[in-house]
Amino acid sequence: MPIDDDTGIGCSKENWGSKMGVILAVAGSAVGLGNFLRFPGQAVNNGGGAFMIPYIISFLLLGIPIAWCEWTMGRMGGRMNQNSAPGIMYSIWPKAPAKGLGAMALLIPVVIYMYYVMLEAWCLDYCIEFARGGFAKMFASATVNVADHASEVSAVVAKTGAHFSRTCGLERHGQLFTGNSSMLWLMLVCFLVNFVIIYQGVTRGIEKFCKWAMPALIICACVILIRVLTLPNIGSGLGFMWNPDWVKLKDPSVWLAASGQIFFSLSVGFGLILCYASYVRSDQDVALSSLSASSTNEFCEVILAGLIVVPTAFLFLGAENAKGSTFGLGFITIPGIMHFMPGGGFFGAVWFGLLFIAAVTSSLSMLQPAIAFLEDGFGLRRRQSVAILGVVTLIGAAPIAYFTKGALALDHTDFWCNLLMIVAATCQVLVFGWVVGAERGVKELNRGSDLPIPSFVAIIIRFVTPAFLIIILIAWSYQTLPGYLSGMNPVAQQSKAEAAVYTAAIAEHFAEQDLTTEQLDAKTKEILAPLIEEDTLEIDLAKLPSWLAQHQEDAARAGNKAAEDATIARLVLAGIIIFYILLVALTDLACRGRIGRTIREAELGQESKEAEA
Amino acid sequence: MTISTCLVAQTTTDTTVQLTTGGAAIMAGSIVLVCGLCLFCLLRILRGESDSSG
């Protein structure tokens with residue numbers, strides 16, 4: 001094992017070539033679709049400029065402290081020759097829960113990669129389409145006979161919406177697997193690009209790529225920003241995005257959204273930084289590097305995305321289209337904007353090109369932790385590790401690419417990953433604050449630091465950040481879990497969908513009687529309640545009145561679809577649980593074997609060096 | 001396409017929203033804060049590098 005000459009302890013097999021290299025790699029890991037597509041939507045829907053208050057507070061109390069914790073623990077693990085989350089956690093806390101936490105930090109990035117690669121392919125597809133003029137042709141045919149600007153906007157948005165559903169396979173399951181879809185091939189191209197880069201290693205692959213990709217991404221975004229800021233009447237677009245709605249600050253969900261945005265956008269707490277930081281030399285600064293990477297992420301998010309996306313969407317497509325969801329804004333609104341923007345074909349290609357680069361830099365960071373685990377834990381060569389991970393992620397990505405109707409499998413996977421991310425981050429901060437010890441941790445953070453960290457940060461890391469995270473975890477679970485879990489029950493969902501069809505039929509049946517909403521509700525309850533079995537929630541079809549029975553087929557179709565959706569949700573959860581159990585078993589095996597041995601050797605090296613001194 | 005249509009984009013007629021003083025202040029504040037932080041980090045990195053090479 002290589003030994004660090006200065007400290008006498010084990011050093012990682014591979015190190016970052018330069019400080020700028022690691023900063024750009026970590027920033028590249030954080031800067032992704034969440035910055036350019038999620039942030040603008042979150043801000044404009046949660047008070048505009050007022051959103052920045054909870055956002056900045058969350059950045060200071062949540063984002064920066066967790067990043068510091070992760071960087072420090074990563075470097076500590078690297079000194080013990082560990083580059084994977086399980087190895088790093090076990091070297092810091094050699095107890096059984098550390099294995100579970102390490103396995104979780106391994107699971108999250110790999111599972112996210114399985115659907116993220118599909119988003120990467122969407123960006124690549126849109127970039128190619130803009131570059132070869134496909135969108136221009138599509139919009140030209142859609143806007144031939146439009147009377148005014150408003151109808152042109154409607155026609156363009158409808159066209160981009162239909163295009164998004166068709167090309168990304170949102171209309172039906174298995175759509176991407178039909179012969180006339182190129183998306184599957186693009187996914188394979190993305191797989192190939194990611195794995196070729198990751199195969200080159202940390203310095204020659206990830207660092208080299210991020211060193212040109214990140215500046216290229218920022219330059220592309222700056223070109224678009226200049227174009228946007230020179231548009232006539234841009235003040236109204238900026239006003240729509242940034243004018244504060246102070247009343248929103250009283251709403252707890254706005255605070256939750258802001259802290260969630262910081263948390264998800266910085267990619268903290270679930271093993272990516274832990275892995276990257278383990279390749280930092282034992283005496284190299286982490287405090288300033290961490291702050292620099294976080295700042296670069298904020299630059300891309302607040303300045304580039306904040307000034308481009310929503311202001312332009314408002315300017316060209318109006319308020320209604322500027323308040324979309326992440327995917328709606330990204331893949332329906334933005335292509336629509338490009339129709340109205342002069343030089344839209346060029347700017348569209350540049351925009352989706354930069355999104356593709358951002359997605360690749362993030363993908364690389366999701367793959368490296370698992371590669372490091374296979375190398376450290378089982379002594380596999382890089383080629384073997386890359387091949388195994390390639391097969392595993394391909395197997396995982398296939399069902400997500402198959403069950404694409406309404407982005408169903410993607411949404412369910414994303415939901416569980418988000419929950420696990422908050423759990424993993426909370427556990428990591430607690431380990432840093434209470435197992436390593438916040439004071440010792442901050443001392444370790446200050447080792448070789450180019451930026452002295454004041455001691456009060458220890459108090460924030462020990463008390464404030466975990467409390468903040470626990471509040472987010474509870475509030476987020478309270479807000480989303482009950483509804484989500486009930487949506488996983490196929491029988492209940494089937495019954496609910498059938499009841500919805502019959503409710504609509506009842507409303508249609510009594511339409512002529514001009515009933516009030518309350519009267520109609522009472523009527524619906526009176527007809528349907530006796531038909532629903534209390535135990536099974538099934539509707540007794542034999543008791544249906546004849547005029548309602550003619551809707552039986554529609555109801556059965558809707559019910560089957562809802563039951564199918566609920567079953568897919570269950571399958572996703574089952575898949576994640578099985579994968580986690582497998583990873584825990586592998587982690588346990590590695591910690592008992594190679595990882596445990598390497599840690600002991602590193603400790604012995606450290607002790608002998610201390611004895612010599 | 002004429003030069004004028006290249007330069008002047010067709011936008012919505014919604015002029016009811018304009019950037020208010022509060023909005024401009026928050027936008028400018030956010031830009032200054034983020035750019036300031038980036039600049040601070042960059043200067044510290046450059047200073048650290050010149051110290052280590054010196």
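How many helices and strands does chain A have? Chain A has 24 helices and 0 strands. Here helices (H or I, at least four residues) and strands (E, at least two) are DSSP runs, numbered from the N terminus.

This is a predicted model, in which local features need pLDDT of at least 70, side-chain atom pairs count only at pLDDT 80 or more, and totals for chains, interfaces and linings use all residues. Residues are numbered from 1 along each chain as its sequence is written, while chains are lettered from A and ligands numbered from 1 in the order in which they are written.

1. **Overall form of chain A.** Chain A has a radius of gyration of 26 Å. A compact globule of 613 residues would come near 25 Å, so the two agree. The radius is taken over C-alpha atoms, and the globule rule is 2.2 Å times the number of residues to the power 0.38. Along its principal axes, the C-alpha trace of chain A spans about 95 × 60 × 50 Å.

2. In chain A, 52% of the 613 residues are buried. A residue is buried if 20 or more other C-beta atoms lie within 10 Å of its own, exposed if 12 or fewer, and partly exposed in between; C-beta atoms are placed from the backbone. Two residues are in contact if their C-beta atoms, placed in that way, lie within 7 Å. Take the contacts in chain A between residues at least 6 apart in sequence: 82% of them join residues at least 24 apart.

3. **The nonpolar core.** The largest nonpolar core holds 207 residues. Such a core is a set of buried Ala, Val, Leu, Ile, Met, Phe, Trp, Tyr and Cys residues joined through C-beta atoms within 7 Å. A:Ile108, A:Met118, A:Cys123, A:Leu355 and A:Ala425 touch the most other members. Helix α5 (residues 96–131) of chain A gives the largest share, 25 residues. Leaving out residues up to four places away in sequence, A:Ala425 touches A:Ile66, A:Phe263, A:Val268, A:Gly269, A:Phe270 and A:Leu469. In soluble globular proteins, nonpolar side chains tend to be buried together.

4. **Helix α2 of chain A.** This helix covers residues 33–45. Its 13 residues should span 18 Å at 1.5 Å a residue, and its end C-alpha atoms are 18 Å apart, so the values agree. The expected span is 1.5 Å times one less than the number of residues. A kink of about 30 degrees lies at A:Phe39, shortly before the proline A:Pro40. The bend at a residue is the angle between axes fitted to the seven residues ending there and the seven starting there. Of the 13 residues in α2(A), 12 are buried, including A:Arg38 and A:Gln42. A:Gly47 follows the helix, with a positive phi near 100 degrees.

5. **Helix α9 of chain A.** The 28 residues of α9(A), residues 202–229, should span 40 Å; the end C-alpha atoms are 38 Å apart, which agrees. The helix bends by about 25 degrees at A:Cys210. A:Cys210 is itself buried, and so are others in α9(A), among them A:Phe209, A:Met214 and A:Leu217. The buried residues of α9(A) pack against α1 (19–30), α8 (183–199), α10 (234–242), α13 (287–317) and α16 (344–378) of chain A.

6. **Helix α13 of chain A.** Here 31 residues should span 45 Å, and the end C-alpha atoms are 43 Å apart, which agrees. A bend of about 45 degrees lies at A:Ala305. Just after α13(A), A:Gly318 takes a positive phi of about 85 degrees.

7. **Two loop residues.** A:Asn233 is not a glycine, but its phi is positive, near 65 degrees. A:Asn233 lies in the loop between α9 and α10 of chain A. A:Asn233 is partly exposed, with 15 other C-beta atoms within 10 Å. A:Asp514, also not a glycine, has a positive phi of about 55 degrees. Its place is the loop between α20 (490–509) and α21 (517–528) of chain A. A:Asp514 is exposed, with 7 other C-beta atoms within 10 Å.

8. **Chain B and its contact.** Chain B has 2 helices and 0 strands. Of its 54 residues, 19% count as buried. The contact takes 26 residues from chain B and 35 residues from chain A. On the chain B side, α1 (3–7) and α2 (21–53) each supply at least two residues. α2(B) gives the most, with 13 residues. The chain B side divides into 14 nonpolar, 10 polar and 2 charged residues. Ala, Val, Leu, Ile, Met, Phe, Trp, Tyr, Cys and Pro count as nonpolar, Asp, Glu, Lys and Arg as charged, and the others, Gly among them, as polar.
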